[in-house]
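Trainee: I would like to learn how to read a model like this one. Please take me through it feature by feature.

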Amino acid sequence: MEFAYYPGCSLTGSAKKFDKGIRRVFSILGHTLVDIPDWNCCGAFEYGDKRELMELSGENIRKARGISKDIIAPCPACSRNLKEANGDSTFNVYNPIELFSLDFLSGLNIKRDLKGQVFTPYYGCVLIRPKETAIPDTNVMEGFVKGLGGETVGEKIKDRCCGGSQFFINKWATERLSKMILDRSKGIILVFCPLCHMALTTFSNKERVVYFTDLLLYVAGERAHI
Amino acid sequence: MQRIDSNEINERVFELTGYRRQDFSVCLGCKICASVCTVNDLALNVNPQDILLSLFMGMEVDKGHPLLKYCTNCYQCTNACPWGIRIPEVIRAVRENQGIETLFERVFKGSIRIWGRVYEPYIFLKTGLFLAREGYLKYMPKWTEYMSFHLPKKVKIKTGS
C-alpha cells in the first residue's frame, strides 16, 4: 500500500531515529511511504489563533493531493493537527501506531521474543486526547509486547502528561511531571512521541526510553539491541 | 452596561477559538476539569473553570492565572468535561489576546515565518542564552542522540486558500 508521508519538523532533526524506524518498519511490511512534497510545519501547540493553526495543517493536506488518500504522520502533535484540519474530507489521516495492529505487524518476520522482559508502554497526551483525534486502540503496545511473551506495567501512568510542551519554557514543571512517570515505570519505557522521548530521557536516572519502532525492529532482527 | 463593555475585551478570544460566549453557559462548575488538570500535579491549585467563567461573565481573565503560564496542552480537561470544551485552546487564545508569548514560542514561529518549518539549530541558537542561564546545558550529554545537522529547507505556505 502507498501512503503519503508527513515527517514533520522534529523527525527531520532531533527525532531522526524515529523517522528512520518508521520508514524501515513500513518498508519491511512492504508499504511505500511517499514524502509529501514541500510539507510545512503543522503549527504544533504554538498558535492561539485556531484558524491560523488549521491553515498551516490544512496546507499539508492540500500538498498531499495526487499522492495517496492515506496520510501518515508519526509525531502525535502533527497527526492530531492534520486530523483536525482534514475534518471529513476524502483523506484519511493516521498516526502510524493506529495501523500497528497485530495483523498489520504480522509481516515483520519475528526473530526474537520478549520473554522475561518488562516494559512500560507510555502514550502520553495527544495520541489519545482529545477524543475526536485520538487513536482508537490504547493497548497497541501492550498487545504486541504480551504477544511475544513480555510483561507490561504502568497502566495508571500511560496517559499522564510528561510536561513536554513546557520543556523549553518552565523546565521545573516538565522535570516534576516526567519524574512522576519515570518513578512509576519498570523496565524499558516505550514511547511514540518525540517530545515525550526527549523529556523522559532528559530527566531519567537509569531508566531507558525507546521508540516503539526500535522494539519492532529489534524483534524483527533488524537491531542487535532494543 | 459594564458587561457589554467588558465583552469587547473577550471578543477576540472567541474569534480566535471559534467558540461563542454562550458555548460556556453550559459550564456548571462541576470542577471535573480541575480534578484531572495536569497543572495540579504541580501543586498549583488551579481551576480551569475560572477562565471559562471570566469569559462568560465578560470579565478580563486574570493575567497572572497559573494556567496561562503552565497549561501543558494535555487535554485531560477536555476529555473529562461533560461538554468536551477545549480548554487548552481557549487558554492559548487568551494568551494570544493578552500578548503573552515566551521566547521559545517567538523563535518557533519565527522559524516557520522564515522557512515554513521549525529548523531546530535556529531554535537552539536563538534560545542559547536562555538555555545556558536556565541550566539546560547540563543535559547535553543526554542529548547527543538528538543532535543531527541538516541544512534548512525553505517551503512555501499558501494560507487562506
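Trainee: Which residues have the most contacts inside the largest nonpolar core?

Mentor: In soluble globular proteins, nonpolar side chains tend to be buried together. A nonpolar core here is a set of buried Ala, Val, Leu, Ile, Met, Phe, Trp, Tyr and Cys residues joined through C-beta atoms within 7 Å. A residue is buried if 20 or more other C-beta atoms lie within 10 Å of its own, exposed if 12 or fewer, and partly exposed in between, with C-beta atoms placed from the backbone. In this predicted model, the largest core has 106 residues. Those with the most contacts inside it are Tyr6(A), Ile71(A), Leu82(A), Leu190(A), Val191(A), Leu200(A) and Phe212(A).

Trainee: What does Val191(A) touch?

Mentor: Contact means C-beta atoms, placed from the backbone, within 7 Å. Leaving out residues up to four places away in sequence, Val191(A) touches Tyr122(A), Cys196(A), His197(A), Leu200(A), Val209(A), Tyr211(A) and Phe212(A).

Trainee: Which way do the residues of strand E7 of chain A point?

Mentor: In a regular strand the side chains alternate between the two faces of the sheet. In E7 (residues 188–191) of chain A, Ile188(A) and Leu190(A) point one way, Ile189(A) and Val191(A) the other. All four of these are buried. Strands are DSSP runs (E, at least two residues), as are helices (H or I, at least four), numbered from the N terminus.

Trainee: Which strands pair with E7(A)?

Mentor: Pairing needs at least two DSSP bridges between two strands. E5 (residues 118–121) of chain A runs parallel to E7(A), joined by three bridges. Phe119(A) has Ile188(A) as its bridge partner. E8 (residues 209–211) of chain A also pairs with E7(A) in the parallel sense, over three bridges. There, Val191(A) is partnered by Tyr211(A).

Trainee: How many helices and strands does chain B have?

Mentor: Nine helices and zero strands. Its C-alpha trace spans about 55 × 40 × 25 Å along the principal axes.

Trainee: Where does pLDDT stay under 50 in chain B?

Mentor: pLDDT is the predictor's confidence in each residue, from 0 to 100. Where it is low, the predicted coordinates should not be read in detail. In chain B, the stretch under 50 is residues 1–5. Chain B averages 93, and 94% of its residues score at least 70. The complex has an ipTM of 0.94 and a pTM of 0.95.

Trainee: What conventions apply?

Mentor: Residues are numbered from 1 along each chain as its sequence is written, while chains are lettered from A and ligands numbered from 1 in the order in which they are written. Local features need pLDDT of at least 70 and side-chain atom pairs count only at 80 or more, whereas totals for chains, interfaces and linings use all residues.

How values were computed:
Contact = placed C-beta atoms within 7 Å.
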